[in-house]
Amino acid sequence: MAKYGKHNEHTYRSAFRKGIDWCVYNTKLIRELFDTENDLLAVAIDQSYIRKAGKKTYGIGNYWSGCAQAVKHGCEITLLAIVNATQKDAMAFRAIQTPGKADGRKMSLTDFYIKQVKKYSKRMQRITHNMVGDAAFSTKHFTDSMVELGFTFVSRLRKDTAVRYLYAGKKTGKRGRPKTFDGYIDFESPDLDRMQKIDSLSGDDGEYYTIVANVKCLKRNVRLVVWYPEGLDRVKSGGFRLYYSTDKDMSGEDTMAIYHARFQEEYLFRDGKQFTGLQDCQARSKKKLHFAYNAAFAAINTAKVAMARDDKYKGMSLASYSMLMHNMFIYRRIIEVSGIKLDKKKNNP
């Protein structure tokens, strides 16, 4: 028993030094699970805090933890995932660890995130040209960079963002620059003649309106979607949210569908931490940590595809599937070590 365990431990730890093209492996799984031709897909980018100790661990530093709502000592990973707004699901594409300042990182975190997206942009664009990020990414620098790379970027704006109507009147014929904007939008009392209500989204959860407008801080015209959770007639101060897409021709429905699908990436972080050992690696080197993080997400992708292939597993949660696989592994391991011979004619697992 001890010999068996020792042998497997050696094999498992040796794998952490191997180089695997996770993008190729995950892309095959993504294409099998998602209909990349007809489904509404987007690349989602987000970060997650990873608890980790050790002064010499690569990437160790102080990072924001969304769960704790505080800055904590540990590591941080950036996950590029493919979210499916049609199926309401997500698959991991690539995990990248954020280097700490002690590791020689001289660029800002935003520049580091842009660098990683650029590195894998061609591979991701074989799947989709849409990208989505939360409000932290809705800066001019990040938005412009995504557009330059060929992505349509979808995100959320702050409520106090200055947004202007586009001028649609006749040209005066006078000298000077033509009039471009026609005043700022008061979202608590907007001009409904210029905005279009999205009937397919409006309902019990509020009202949605869309308009092509100019976002001053982004210095660009965008497809804007305004959500009033309690309806426009009962809107209170700040009782609205702003979403945008850099593609002015994208519909308001698709803009909201892509942004809402972004939350599916959070389930990848949750499942990785609970079931596939995302936070359990005790290695300190960059290469071994890189392997451990990507292996954890690849395990989630593999489990999703395995469940989709077999009708008896469809609809099963990852928690139930993980427990089932664990029990089957333990059962077979006990049979192998004990030397018990099973009758194959009987329905033994």
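Author: What follows is a walk through the whole chain and then through a few of its residues. Please keep in mind from the start that this is a predicted model.

Reader: Okay, how many helices and strands does the chain have?
Author: The secondary structure of the chain comes to eight helices and twelve strands, and along the principal axes its C-alpha atoms fill a box of roughly 95 × 50 × 35 Å.

Reader: And what share of the residues is buried?
Author: Of the 349 residues in the chain, 45% are buried. The accessible surface comes to about 20,000 Å², and 50% of that surface belongs to carbon and sulfur atoms.

Reader: What about contacts between residues at least 6 apart in sequence, how many of those join residues at least 24 apart?
Author: Among those contacts, 62% join residues that are at least 24 apart in the sequence.

Reader: Switching to charges, how many side chains are positive and how many negative?
Author: There are 61 positive and 38 negative side chains in the chain, and the centres of these two sets lie 11 Å apart.

Reader: Now Thr27, is it buried or exposed?
Author: Thr27 counts as buried because its relative accessible area is 17%, and buried means under 20%. This residue is found in helix α2, which covers residues 22–33.

Reader: Which residues does Thr27 touch, leaving aside its neighbours within four places in sequence?
Author: With those neighbours set aside, Thr27 is in contact with Phe93 and Ile127.

Reader: Where does Lys88 lie?
Author: Lys88 lies in the loop between β3 (70–84) and β4 (89–97), and although Lys88 is not a glycine, it has a positive phi of about 55 degrees. With a relative accessibility of 61%, Lys88 counts as exposed.

Reader: And Lys219, what is its phi?
Author: Phi of Lys219 is near 55 degrees, which is a positive value in a residue other than glycine. Lys219 has its place in the loop between β10 (207–215) and β11 (220–228), and it is exposed, with a relative accessible area of 65%.

Reader: Last topic: which residues make the nonpolar surface patch?
Author: Phe329, Ile330 and Ile334 make a nonpolar surface patch of about 270 Å². One of these residues, Ile330, is found in helix α8, which spans residues 318–338.

Reader: Why does Ile330 count as partly exposed?
Author: The reason is its relative accessibility of 32%, since partly exposed covers the range between the buried limit of 20% and the exposed limit of 50%.

Methods. Residues numbered from 1 in each chain as written. Predicted model: local features only at pLDDT ≥ 70, side-chain atom pairs only at ≥ 80, totals over all residues. Heavy atoms only, no water. Patch = residues over 30% accessible without salt bridge, like charges linked within 9 Å, V, L, I, M, F, W, Y side chains within 5 Å. Areas by Shrake-Rupley, 256 points an atom, 1.4 Å probe, with all protein chains shown as cover. Salt bridge = Lys/Arg side-chain N within 4 Å of Asp/Glu carboxyl O. Helix = DSSP H or I, 4+ residues; strand = E, 2+ residues; numbered from the N terminus. Buried < 20%, exposed > 50% of the residue type's maximum accessible area, 1.4 Å probe, protein only. Contact = heavy atoms within 4.5 Å. Lys, Arg positive; Asp, Glu negative; His and termini not counted. Charge placed at Lys NZ, Arg CZ, Asp CG, Glu CD.
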